[in-house]
Amino acid sequence: MSDAPGEAPPIERTDCVPLLSVRNLERIYRLGEQTIHALRPLNLDIHQGDFIAIAGPSGSGKSTLLQLLGLVDSPTAGEVRVRSRVAQDLGQEQRAALRLRTLGFVFQAFNLLQMLTARQNVEIALALAGFPRRKRRARAEELLSAVGLAERLEHRPLQLSGGERQRVAIARALANEPDVILADEPTGNLDSQTGREIVNLLEDLNRAGQTIVMVTHNLEIARRAGRLFLMRDGRIDEVDPGDPRSLD
């Protein structure tokens, strides 16, 4: 990996317009007199059908990058483009609408509403996505069945295992039929076997055409992605997931 300052070269793909892309993206935080370069200028293209893992140690910038891709934070410099639309050119409400239409989120802590059943948690996401009321129940059941929870529809989060809760979260992320699922440490709160099962599910979704970007510190899981990026000190490099030396 080169530590030279400046722009990282874009990854060249000519087959289609990227679903998500960033250009010269930079994020700087200022805490009093201290300046923290969370992201140094970088470029990245995410295409239809990609399964991307972004790996790196704590503080490397991977979660910051995911927040910028998810339009929940704004860069200090550079652009985030969603299907060629520059997010920074949009107002706050327009960005929120674009995020709702095109992105699905999966979190390490699941972020489920504890008083609602698995089905109701997904139905709320369907309501926010504008799904007709009369069709929400059937669609929620369909999504939960697709992630292996057909028998757990009426269970609340505290009645579910960690792996089952994450499956509910994945079903919820699929509610708006997103272009891209952004998964932030989706196996971080799970044991090794359950984590592998969740990645199996993500792989199945990807084979069905779903584009996925996953942040993880787990190198075993990271290598299972189709494209693997390593972050260090706010810089990113694509490496070969099949090369055992790639993450040394």
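## Arginine 235

Arginine 235 is buried, with a relative accessible area of 17% (buried means under 20%, exposed over 50%, partly exposed in between; 1.4 Å probe, protein chains only). The residue lies in strand E10, residues 235–239. Helices (H or I, at least four residues) and strands (E, at least two) are DSSP runs, numbered from the N terminus. Glycine 61 is 174 residues away along the chain, yet its C-alpha atom is 7.7 Å from that of arginine 235.

## Basis

This is a predicted model: local features need pLDDT of at least 70, side-chain atom pairs count only at pLDDT 80 or more, and totals for chains, interfaces and linings use all residues. Residues are numbered from 1 along each chain as its sequence is written, and side-chain values use heavy atoms, without hydrogens and water.

## The open sheet

Four strands make an open antiparallel sheet, ordered E2-E1-E4-E5. Strands pair if DSSP finds at least two bridges between them. E2 (34–46) and E5 (85–86) are the edge strands, each pairing on one side only. Five bridges join E1 (residues 20–31) to the antiparallel E4 (residues 77–82). Serine 21 stands opposite arginine 81 in E4.

## Nonpolar cores

A nonpolar core is a set of buried Ala, Val, Leu, Ile, Met, Phe, Trp, Tyr and Cys residues joined through side-chain atoms within 4.5 Å. The largest has 39 residues; Val122, Leu144, Val168 and Ile170 touch the most other members. Its contributors of at least two residues each include helix H3 (118–128) and strand E7 (180–184).

A second, separate core holds 28 residues, among them Leu25, Leu44, Ile54 and Val215.
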